[in-house]
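Dear colleague,

Here is the structure I said I would pass on. My notes on the sheet and on the contact between the chains follow.

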Amino acid sequence: MIDLKNLTIEKARTSLDAKEFSAVDLAKTYLMEIEKKNKEFNAYLEVYDDVLEQAKTADEMIAKEESYPLLGIPLAVKDVILIKGKHVSAASKILENYIATYNATVITKLKKQGAVFLGRTNMDEFALGSSTENSAYGVTKNPHDNSRVPGGTSGGSAAVVAGDMALAALGSDTGGSIRLPSSFCGVVGLKPTYGRVSRYGLMAAVSSFDVIGPITKTTKDAQIIFDVIKGNDILDSTSIADKKYLGTPKKDKRVIGVPWELINQEGINLKVKENFKDAVKKLENLGYEVRDIKLPNCLALYYIINFAEVSTNLARFDGVRYGIHKDGQNLLKDYLLTRRDGFGKETKRRILLGTYVLSAGYYDAYYGKAQKARIALRKEFQELFSEIDLILTPTSPIPAWKIGEKSDPLSMYLVDIFTVTANIVGVPAISVPSGFVAIEDKNLPLGIQFMASHGAEDLLFEVGKNFEAMV
Amino acid sequence: MDIKDVENLANLARIELTEEEKSELLHDMDSILGYIKQIEEVKVDVQHSGLNIINCNVWREDLPVVVDGEESFSKEFITEQFPDSQDGFLKVKNIL
């Protein structure tokens, strides 16, 4: 029996290459685990029927002495990334019958390595939310407490990694969608620099914020997947040149900035604050210099751009070329009915809000102003990163909440306070586990988030590994 | 904002709403717009907006890209998923 609990990509690679177990053995073990648990947690929307075939192909490659970092590694994929010939729905009813017509670039890269795709994972519809409660296919439950949310929007991806239903997973991050569920489920989540990983084949939520990234058990595993999926892509005009950012020079002492004012404000859970202060102490003990910095609350700016781009990006779902189609008396009625029946509550809300902030009369006050503030913020960050190496915050101001507890949409938006900033300016960020808090007899995981300057993922991996060794 | 504004936005966004949805959305939008109004207080001295400062545009020929020896997308999968078609073409209702 393979010990899934303690298995990492790194260890699995060694065992597969040494033929201690085969890719088929490993895939079978995961399929059994999924069979046992998925009914309860609703983390996978679909488990693919060709998993063992994929694993067999991987074994054939291994038999030929081929070795790639992800050869034979069982991965889960968020239901928003296209795999040619497979269903993909963005957890929306409007795409319930949709079959991907091409491979996302990240999928092409992973397939070349011989990775094994187990299935597609649940999420908030069109990646809009913070809890996975906005899925048209039911909420995913947190493996640490099944009465609580796993975080969102990549909640299914974080839950399958935490619940040993996949060795690692792909998620996408628009305003914290990889990092927030990773912290709620006690795993590692990396949001790469904007443009460093191709978005080709990722259904767009907010095109200027979206990025694909890994959810894993360790920082090292996140680095392994990132190294495979990164790179310039002719099919994504916003992907950046490979040589745009060179590595960060080695330094004896790294400086971490902490925005204490933002963390000490009301609304941040006391246990989260305590856990965070402990983490800061640990980093000081590791030799990092910690400095107080100022960071603004960027939620208003973030949500204005989010609404605007979501309303534009989701205009393509109209029942004409693909997805569900509701028939009315004329073409206009077709649109109205298809979108009425196809979109969920939060999606409709954001489309309307986006239509509002982009409409004549309000454009300058909202969207125009937000774009200017975004440019100013990016400049502020460039100055900040000339003095410090990393920025540290809690990943979330509160631990995972009970399913159904947050019925007011605004209160859910406020949970993204620490994560949205990295998306606005496009810098990379990582969430790493920082321990547990006991709430109602359950131990709930917490996470801390590091941000680094554009292209400095290597710094995140360095600090993530150092911190992991202390927890 | 009032119900008429919600109806107008829904019409622009091509979404039909029930009366119940309209009043719920009105309530939510009021509180959300009240919150994002904070943007008014942000002071910026940037003159231009809408400029993509992270990347510049990249152009390529408008031709199918070949990935690993095959066209990157499947025409067959695309046409199979048309809600309505005739002779391999997408069939839509009259526009006028």
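In this predicted model, strands S2 (residues 74-78) and S4 (residues 168-173) of chain A run parallel and are joined by three bridges. Within this part of the sheet, A:Val77 is placed opposite A:Leu170 of S4(A).

Both strands belong to an open sheet of 11 strands in chain A, with mixed pairing. The order is S1-S3-S2-S4-S6-S5-S10-S11-S9-S7-S8. At the edges are S1 (44-47) and S8 (289-292) of chain A; each has a single partner strand, so one side of each is left without a neighbour in the sheet. From one strand to the next, the twist averages 30°.

Now to the contact between the chains. Chain A contributes 55 residues and chain B contributes 42 residues. On the side of chain A that touches chain B, at least two residues each come from helices H10 (299-313), H11 (331-342), H12 (345-357), H13 (364-387) and H14 (409-413) of chain A. H13(A) provides the largest share of that side, 11 residues. By residue type, the side of chain A that touches chain B comprises 30 nonpolar, 14 polar and 11 charged residues.

Regards

How values were computed:
Residues are numbered from 1 along each chain as its sequence is written. Chains are lettered from A and ligands numbered from 1 in the order in which they are written. This is a predicted model: local features need pLDDT of at least 70, side-chain atom pairs count only at pLDDT 80 or more; totals for chains, interfaces and linings use all residues. Two strands pair if DSSP finds at least two bridges between them. Helices (H or I, at least four residues) and strands (E, at least two) are DSSP runs, numbered from the N terminus. Axes are lines fitted to C-alpha atoms, for helices over the stretch in contact, and angles run from 0 to 180 degrees between N-to-C directions. Two residues are in contact if their C-beta atoms, placed from the backbone, lie within 7 Å. Ala, Val, Leu, Ile, Met, Phe, Trp, Tyr, Cys and Pro count as nonpolar, Asp, Glu, Lys and Arg as charged, and the others, Gly among them, as polar.
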